[in-house]
Amino acid sequence: MGNCLHRAEPGLQNPENWTFNSTEDFDWDWSSNYNYSYTEEDLNMAAPCRSCSLLDDSSLPFFALTSALGILGGGILLFALLKPLACWNLCPDRTILAQLAGGSTLFSIVLPILAPGLNPAPDTTLCCMVHGLWYASAFAQALLVCLYSCLGPELNQSWLLKLSLAVWSVALLMALPVTLASDIISGFCTLSISNDVWVWPWIHIVACLVIFLILPLGLVQGWAVQRVKGRGSGPWANILWVWFLFWWLHAVMIGLDALVRTENLSMHTCFAQQTLDFLLQSAEILGILHCLATPLLLALFCHRATWTPTVNPS
């Protein structure tokens, strides 16, 4: 990400590495006079389009710091939710909230493995497995937020274990395409998109659009319909919906990037390509930052549920 679609080979970028087999490579008629007229516009069009990379080897401290803070925040919240403290016992459906904290912590643990610059020669198998686990934790968190928003206040405890197993099974199944489509490109573990192998990448993109974009839009629509009608059951609006703000842009941008890479969408200017690369990496950074925001959202949710002041009947 952040690189041009058509890059020169590293050895060809340095003029000192240029070699010629014989003088026949320069078979010029020096007796002739040539007049070349180059305008500034011609030179700009011939120049390679290069985007500013936000996630490269220099971003390793960002990955390390985010991972450490995410593990710390998620671990503290898991300890507070699972330990039978009196004040946290009042927090409703602690089991689902603990799974959200666990998914965020799992994301933080595998994050450094995907950091650029950490391993100069990453293993392809490890890349595929970690990339799949990376998305599986995000999918599980999104499904848990939807589950809690729809069934939280009326969730049957006898069905809680079955629903949790179903959510994590679906998340792992939906992460299978990205596991099969991941590869190491320019030393980075990323989603490999090409016209030759397109089935698994596009299945993954559709899964991201459904989980990160269509589901939250459905929640908002259901909540709005319930508010308008003033009756019936519908999604329960809560602060956990903020979680989707960290991932909806990622779903949209990987879809646009796939269209460009498969030449189904053309970028006619270098500025458009640079803008796409910038938004694509910004969306990935925003998704990474969710592991810092999730413990805070869960703590704020439990604080509101636990310390909501009660009205005195007198």
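Which residues is glutamine 99 in contact with, leaving aside its neighbours within four places in sequence? Select glutamine 99 together with Leu144, Ser164 and Trp168, which are those partners; contact here means heavy atoms within 4.5 Å. The model is predicted, with local features requiring pLDDT of at least 70 and side-chain atom pairs counted only at pLDDT 80 or more, while totals for chains, interfaces and linings use all residues. Residues are numbered from 1 along each chain as its sequence is written, and side-chain values use heavy atoms, without hydrogens and water.

**The starting residue and the whole chain**

Glutamine 99 belongs to helix 4, residues 94-110; helices (H or I, at least four residues) and strands (E, at least two) are DSSP runs, numbered from the N terminus. Glutamine 99 counts as buried because its relative accessibility is 14%; buried means under 20% relative accessible area, exposed over 50%, and partly exposed in between, with a 1.4 Å probe and protein chains only.

Now display the whole protein as a cartoon. There are 11 helices and 2 strands, and the order from the N terminus is α-α-α-α-α-α-α-β-β-α-α-α-α. Of the 314 residues, 37% are buried. Among contacts between residues at least 6 apart in sequence, 79% join residues at least 24 apart.

**Helix 5 against helix 6**

Select residues 124-151 (helix 5) and residues 160-174 (helix 6), whose axes come within 8 Å and cross at roughly 140°. The axes are lines fitted to C-alpha atoms, for helices over the stretch in contact, and angles run from 0 to 180 degrees between N-to-C directions. The crossing of helix 5 and helix 6 is right-handed; a crossing is right-handed if the near helix is turned clockwise from the far one by less than a right angle, and left-handed if anticlockwise.

Show the side chains of the contact next. Helix 5 contributes Ala136, Phe139, Ala140, Leu143, Leu144, Leu147 and Leu151, and helix 6 contributes Leu163, Val167, Trp168, Val170, Ala171, Leu172 and Met174. These residues divide into 14 nonpolar, no polar and no charged. For this division, Ala, Val, Leu, Ile, Met, Phe, Trp, Tyr, Cys and Pro count as nonpolar, Asp, Glu, Lys and Arg as charged, and the others, Gly among them, as polar.

**Aromatic pairs**

The whole structure contains 12 aromatic pairs. Rings of Phe, Tyr and Trp (its six-membered ring) pair if their centres lie within 6.5 Å; planes under 30 degrees apart are stacked, over 60 edge-to-face, and the rest tilted. Select tryptophan 134 and tryptophan 247, an edge-to-face pair at 5.9 Å centre to centre with 70° between the planes. Tryptophan 134 is in helix 5 and tryptophan 247 in the loop between helix 8 (199-229) and helix 9 (248-261), 113 residues apart. Both tryptophan 134 and tryptophan 247 are buried.

Move to tyrosine 148 and phenylalanine 301, whose ring centres are 5.5 Å apart and whose planes stand at 80°, so this pair is also edge-to-face. Tyrosine 148 lies in helix 5 and phenylalanine 301 in helix 11 (residues 290-306), so the pair ties together parts 153 residues apart in sequence. Relative accessibility is 1% for tyrosine 148, which is therefore buried, and 7% for phenylalanine 301, which is likewise buried.

Finally, highlight Phe107, Trp134, Tyr135, Phe139, Phe212, Trp243, Phe244 and Trp247, which ring pairs link into a cluster.

Alanine 142 is in helix 5 and is buried, with a relative accessible area of 0%. Beyond its neighbours within four places in sequence, alanine 142 is in contact with Ile211, Phe212, Trp243 and Phe244.

Valine 252, in helix 9, is partly exposed at 26% relative accessible area. Apart from neighbours within four places in sequence, valine 252 contacts Leu209 and Leu213.

Glutamine 273 is in helix 10 and is buried at 6% relative accessible area. Its C-alpha lies 7.9 Å from that of cysteine 49, 224 residues apart in sequence.

The last stop is glutamate 263, in the loop between helix 9 and helix 10 (270-288). Glutamate 263 has a phi near 60°, a positive value in a residue other than glycine. At 61% relative accessibility, glutamate 263 is exposed.
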